[in-house]
Amino acid sequence: DQQVLQPQLLGTRPLMWQILRQIVRTGIVTEPPPALDAALKDEVRRIHDELLAILGQALAIRQVDAGSCNGCELEIHALNNPYYNIEGLGIHFVASPRHADMLLVTGPVSRHMEEALRRTYDATPEPRLVVAVGDCGADGGIFGESYASCGRIANVIPVDTVVPGCPPPPIEILRGILAAVKLNPRGGRPI
């Protein structure tokens, strides 16, 4: 029985009290939050304003991991935090490529993801934009082309903008999204 064994194993004090005492003794050990960089905050606001001025409506993005190490995904997820707050300004991620205006693709395209990436691209309505994120998406990165990898994303689908970096910081990803929206080489309705 737990209540009989615990005092025998740990002495007369229950384990919970020992843990609580250690927590009180140790205190808070996390680091303080980083200071807000006013210049970066202004840059984010400028990019948001420019995107919304060009679009005039929301931008729906479908993010596709074509075989990355997830470093770029972590930076893309940071775009949704309160610091960048892209969701609050009309840029949102969608679950289906049929609802997307833009594909945000990361990683070197693995052979197993090649067909899935093509199908995702084909399911995205015109005019569609494609942004390759990270060094792996740009040129295959350290993986290159091999028996298991198609290499860069442009080897599988057309790419409008490349965001270099391993992984690129969120502000660079925002700049890449803005560059793709400004470029809009396929014409047609504004996204």
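Q: Is R119 buried or exposed?
A: In this predicted model, R119 counts as exposed, at 58% relative accessibility.

Q: Which side chain does R119 meet in a salt bridge?
A: The partner of R119 is E115, at 3.3 Å from N to O. Both residues belong to helix α5 (residues 111-123), where they are 4 residues apart, about one turn of the helix. E115 is partly exposed, with a relative accessible area of 43%.

Q: How many salt bridges does the structure hold?
A: There are 8 salt bridges. One of them joins E43 and R46, at 3.0 Å from N to O, and both of these residues lie in helix α3 (residues 38-55).

Q: And what does E172 pair with?
A: E172 forms a salt bridge with R175, and their closest N and O atoms are 2.3 Å apart. The two lie 3 residues apart in helix α7 (residues 170-183). Salt bridges that share partners link E172 and R175 with E43, R46, E50 and K182 in one network.

Q: Changing topic, what is the volume of the largest pocket?
A: The volume of the largest pocket is about 170 Å³. Among its 15 lining residues, C69, D135, C136, F143 and C166 are the closest to the centre.

Q: Which helix gives the largest share of that lining?
A: That is α6, with 3 residues. By class, the lining has 8 nonpolar, 6 polar and 1 charged residues.

Q: Which residues form the nonpolar patch on the surface?
A: The patch consists of M16, W17, I19, L20 and I23, with about 530 Å² of accessible area together. M16 lies in helix α2 (residues 15-26).

Technical notes: Residues are numbered from 1 along each chain as its sequence is written. This is a predicted model: local features need pLDDT of at least 70, side-chain atom pairs count only at pLDDT 80 or more; totals for chains, interfaces and linings use all residues. Side-chain values use heavy atoms; hydrogens and water are left out. On a 1 Å grid over the protein atoms alone, a cavity is a set of points where a 1.4 Å probe fits but cannot get out, and a pocket is an open set with protein on both sides within 12 Å along at least five of seven lines; lining residues have an atom within 4 Å of a point. Grid points are joined across faces, edges and corners, and a volume is the space filled by probe spheres set on the points. Ala, Val, Leu, Ile, Met, Phe, Trp, Tyr, Cys and Pro count as nonpolar, Asp, Glu, Lys and Arg as charged, and the others, Gly among them, as polar. Patches are made of residues with over 30% relative accessible area and no salt bridge: like charges are joined within 9 Å, nonpolar side chains (Val, Leu, Ile, Met, Phe, Trp, Tyr) within 5 Å. Accessible areas come from the Shrake-Rupley method with a 1.4 Å probe; for residues, only the protein chains shown count as cover. A salt bridge is a side-chain nitrogen of Lys or Arg within 4 Å of a carboxyl oxygen of Asp or Glu. Buried means under 20% relative accessible area, exposed over 50%, partly exposed in between (1.4 Å probe, protein chains only).
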